Amino acid sequence: MSEALIIFKAIGSEQEKQMLLQKLLSSQERITLKDKFERVITMRVISVNSQGHLKCHPPEETAMNFQENSVFMANFQIGHEKYLFETKPVVHENYISLPVTHLYHLQRRRNFRYTLPQNYSATFVINYLNQAICSHQCRLLDLSTEGCAVEIHQEETELKLEDLVQAEIFLGDREPILVQGVIKNIRGRGVSHLVLGVEFNHLATPSEDKIIASLTDLQRELYFRKAG
């Protein structure tokens, strides 16, 4: 249960990269860029050169005020397949050039869980236990759209199998994600903690989207940090 919810597969060869970018050009799909300030910009590809640079129409709704060497994460979709790359936009008079580096194919694995890094801020706060108001803070160990595992101090509360929990998931500084589920397993960890396996029994679409987006962002950060 420790495999990633979203797996990045590197597009390694230049030939494969060129073929993919040509498909992007033919599809007329737009590219979405996001910077570290969560600014989102979309643009359409005009052409692709032999170095794998995308020539794009400037976005109509956004001033072309990119700072030099600003790093953006870009993504696009061809059919049902999604791709991600890193770029430093170069602004010209009538167009924007996007060098494509570290191109990845996002492969979804909905039944697998992503193990959170130990040094990453990931918290599971139980607000209702069997519909009774409470406040129990847990360390989030792993997560998928199907469920999660959390660690809690065993003196925090008495918990039983099939207890119903409603909780908020906090990942880094992102907005909390609302979930509800049932405790499906309980095991000890050391002398003072328990690990709870929670299976989500109702996950609203916005919450599912937030889980996928948050884990994608987290893996993206780790992969590009390693690649850089």
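**Stop one: Val91**

Select Val91, which counts as partly exposed because its relative accessibility is 35%. Please keep in mind, here and at every later stop, that you are looking at a predicted model. Val91 has its place in strand β7, which covers residues 90–91.

**Stop two: the whole chain**

Clear the selection and colour the protein chain by secondary structure, which brings up two helices and 16 strands. How much of the protein chain counts as buried? Of its 228 residues, 45% do. The protein chain exposes about 12,700 Å², and carbon and sulfur atoms supply 47% of that area. If you consider the contacts in the protein chain with a separation of 6 or more, residues 24 or more positions apart account for 59% of them.

**Stop three: the cysteines**

Next, select Cys134, Cys138 and Cys148, and display their sulfur atoms. How many disulfides does a search of the whole structure find? The search finds zero. The sulfur of Cys134 has its closest cysteine sulfur in Cys138, but the two are 9.1 Å apart, which is too far for a bond because a disulfide needs the sulfur atoms to be within 2.5 Å. For Cys148, too, the closest cysteine sulfur is in Cys138, and at 8.7 Å it is too far for a bond. Are Cys134 and Cys148 buried or exposed? Cys134 is buried, with a relative accessible area of 18%, and Cys148 counts as buried because its relative accessibility is 0%.

**Stop four: Glu151**

Move on to Glu151, which you will find in strand β13, residues 147–153. Glu151 has a relative accessible area of 19% and is therefore buried, the cut-off being under 20%. Display the side chains of Glu151 and Arg189 together, and you can follow a polar contact of 3.1 Å between them. If residues up to four places away in sequence are not counted, Glu151 touches Cys138, Arg139, Leu141, Arg189, His193, Leu194 and Val195.

**Stop five: two positive phi angles**

Select Gln28, in the loop between α1 (14–27) and β2 (30–34). Its phi is near 65 degrees, a positive value in a residue other than glycine. Gln28 counts as partly exposed, at 43% relative accessibility. Then go to His102, which lies in strand β9, residues 101–108. His102 is not a glycine, although it has a positive phi of about 50 degrees. At 30% relative accessibility, His102 counts as partly exposed.

**Stop six: the largest pocket**

Finally, select Lys34, Asp35, Glu38, Asp217 and Arg220, which lie nearest the centre of the largest pocket among the 38 residues that line it. This pocket has a volume of about 1,000 Å³. To see where the lining comes from, colour β2, β5 (72–78), β6 (81–87), β9 and α2 (205–227), each of which supplies at least two residues of it. Which element gives the largest share of the lining? The largest share comes from α2, with nine residues.

Note on methods:
Residues numbered from 1 in each chain as written. Predicted model: local features only at pLDDT ≥ 70, side-chain atom pairs only at ≥ 80, totals over all residues. Heavy atoms only, no water. Helix = DSSP H or I, 4+ residues; strand = E, 2+ residues; numbered from the N terminus. Buried < 20%, exposed > 50% of the residue type's maximum accessible area, 1.4 Å probe, protein only. Contact = heavy atoms within 4.5 Å. Areas by Shrake-Rupley, 256 points an atom, 1.4 Å probe, with all protein chains shown as cover. Polar contact = N/O pair within 3.5 Å; in protein donor to acceptor, adjacent residues only side chain to side chain. 1 Å grid on protein atoms, 1.4 Å probe; cavity = no way out; pocket = protein on both sides within 12 Å on 5 of 7 lines; lining within 4 Å. Points joined across faces, edges and corners; volume = space filled by probe spheres on them.
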